[in-house]
Amino acid sequence: MPEPDSRPASNLPPLSLHIPEPRYRPGDTPDFGDIEVPAVDATPRPGEATKPDAMRELCYGLVRVLDFDGQAKGPWNPNLAPERLRTMLRYMMLTRAFDDRMFRAQRQGKTSFYMKCTGEEATSIASTMAIDRADMCFPSYRQQGILIARDYPLIQMMNQIYSNRGDHLMGRQLPIMYSAPEHGFFSVSGNLATQYPQAVGWAMASASKGDSRIATVWCGEGSSAEGDFHSALTFATVYNAPVIFNVVNNQWAISSFSGFAGGERTTFAARAVGYGIAGLRIDGNDPLAVYAATQWAADRARTNNGPTLIEHFTYRSEGHSTSDDPSAYRPAGEATAWPFGDPIARLREHLELLGEWDAERHEAQAKELDELVKTTQKQSEKLGILGHGMHQPFETMFEDVFEEMPWHLKEQCAQMLAEQEAKFGPDWKPE
Amino acid sequence: MAEDTKTMNMIEAINSAMDVMLERDPATVVMGEDVGYFGGVFRATAGLQKKHGKTRVFDTPINECGIIGVAVGMGAYGLRPVPEIQFADYIYPGLDQLVSEAARLRYRSANDFICPMTVRTPFGGGIFGGQTHSQSPESIMTHICGVKTVIPSNPYDAKGLLIAAIEDNDPVVFLEPKRIYNGPFSGYYDRPVEPWSKHAASAVPEGYYRIDLGKAATVRDGEALTILAYGTMVHVTKTIVEEMGIDAEILDLRTLLPLDIEAIEASVKKTGRCLIIHEATRTSGFGAELAALVQERCFYHLEAPVERVTGFDTPYPHSLEWAYFPGPVRIATALTKILKD
């Protein structure tokens, strides 16, 4: 084998590989002072039919409505009636109460897994409230707020989390992987970003049938790195699909900070630029900004002006899931240092400033919702909890693989039933 | 039936199946790379866009993950998508949407959502397609729980099976043996290609009919041994058997999943010998599954070990494709061996 040519003498430094690293690790004191926060009324609100190229700066700015004193200002102010604001606050508080109780239930060994959305409530609740009830939502795994905002029965969520007798998914899915077609909520996969092209397909179908319904879909900034994300944006721009893409940039994908999805180089909203899609980067902890941006995108989609990508700039205040320990990779103080505060506190402050809410009502509502969740939990637990017996007939394991069960599954089902009978005796019934 | 039949090759029969379904069911949509105005690189969708309109038959970006993912969403809306993947070799970028989404949707949502999608895709070699236009991925499909796998071997079956696949409420992978699109293949690549018009199965009804999934067809009755084959290999096998004057029973499986186990069992118990023939690579190929089933169910009827004739465990070579292909010599050798034992 011949010797490879030696490199010509060069005064260039050697190449070096960049491995992204978050600025703060456990033990550091986080300081987010360098995050650019434009004035609350500084971002113009273009018409819903504006061409994407004419509104690129919105991919790099930050749509805001609530300032840090609780005032709603600027062209994006959706001017919601106080009653609507109170409903939004109630849904967010209910979601947090639900999360707290289900997290505890997992810690008490009542289920295998749970995921909270603390700090990110606005990104699903305000967003869902800004679209029509008939529009179709394709959630990722942290959008329980959609179900809450559409008044899905809490007990059904809990039954699913417990895989109990009341779980209409027959205990087949990991907790929180809900499915609720009557509430316009697509089955949660558990694989990441696969719902993105599916939402586009649903939206394309709606458009091709001359329907008026649109689709919305969520993923995290981490899973925006998946090929499915880019497949979806390609199809959406090609067919001008009536779909809203939400990227919830909560800074962390388990232990990987947003830099591992490209966040060191540009914004996630800017992904829209290359596809010729409208992009909005918004304060995801500002429920009114989320509402206003979603309403803008929904109006755009519904008038055949095409898709919108919304980056919800927010922060994951808690661990990824009950299986995660964020203290192992990020400082404890990040959530409190986050400059955009907490969405519930901010909406509360706004309502109080309007004279439409007060501390007394807030405390009373918090208590009422805690009670509601607690009572519902007791009802759900009467239908069983995971690990305390098996709640579904064994043969349901083989049902719904196909519409009709083929012979090989019938054979395997008979084998399994014989195994269980040998173990539990012939009189066993689901608990 | 006879007065409405027309002589069709495989392509025309497949085209006719989609035409019939686009006409019958407004939920049916056909999409894929180059399938619209142009009518597909193999012409399977020729004329369909002009007849049924652009929103029913349309081109897609070159993005198989997107094609299958979008089809899952369309199915959730209530459409009945029939995506084409231009070559079966290109299905891999869309495999996650097929395996983890389409195939699982009914199960994971306990019937809240279904995926009535039929993925059509040409597969197999013998057209000098090289390693990226020749593969036979059927055992990858049969290994997924929740997907049906169908492989026709002639125009009549292709149309009836495709209509049944489109009407099926579960995802179906419909693998089209492209070597026999224009005529049945004898296995002798150096002989002229016989057109479909000389074959009885080219008489295809112009209207609607279906062949239920999960049923094998007996191509040839016989007593000496049972040969299990599908797609292109049905015709190659039949040629060799007839040349050698062997009284073989040939089953064309037509659907690999769900498999027609009753037909296989009855035939092998009758003949006592079983040869399995496929073009796909050998290791973990569908032949391994068939061999296991046959020995589980027919062991005490067997007079010789179950044999497999397959492609080799190499990528499909370009210039040496006929050395790879399980052709007349490989089949004759196996027949001689299994009948001698």
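Colleague: How many bridges join strand 2 to strand 4 of chain B?

Modeller: Five bridges link strand 2 (residues 28-32) of chain B with strand 4 of chain B, and the two run parallel; strands pair when DSSP finds at least two bridges between them. Helices (H or I, at least four residues) and strands (E, at least two) are DSSP runs numbered from the N terminus. This is a predicted model, in which local features need pLDDT of at least 70 and side-chain atom pairs count only at pLDDT 80 or more, while totals for chains, interfaces and linings use all residues. Residues are numbered from 1 along each chain as its sequence is written, with chains lettered from A and ligands numbered from 1 in the order in which they are written.

Colleague: Which residue stands opposite B:Pro81?

Modeller: That is B:Val29.

Colleague: And is strand 4 of chain B buried or exposed?

Modeller: Five of the five residues of strand 4 (residues 80-84) of chain B are buried, so the strand is largely enclosed by the rest of the structure. Buried means 20 or more other C-beta atoms within 10 Å of the residue's own, exposed 12 or fewer, and partly exposed in between, with C-beta atoms placed from the backbone. B:Arg80, B:Val82 and B:Glu84 point one way, B:Pro81 and B:Pro83 the other.

Colleague: New topic: how many residues of chain B are in contact with chain A?

Modeller: 34, against 36 residues of chain A, where contact means C-beta atoms, placed from the backbone, within 7 Å.

Colleague: Which element gives the largest share on the chain B side?

Modeller: Helix 3 of chain B, with 10 residues.

Methods: Contact = placed C-beta atoms within 7 Å.
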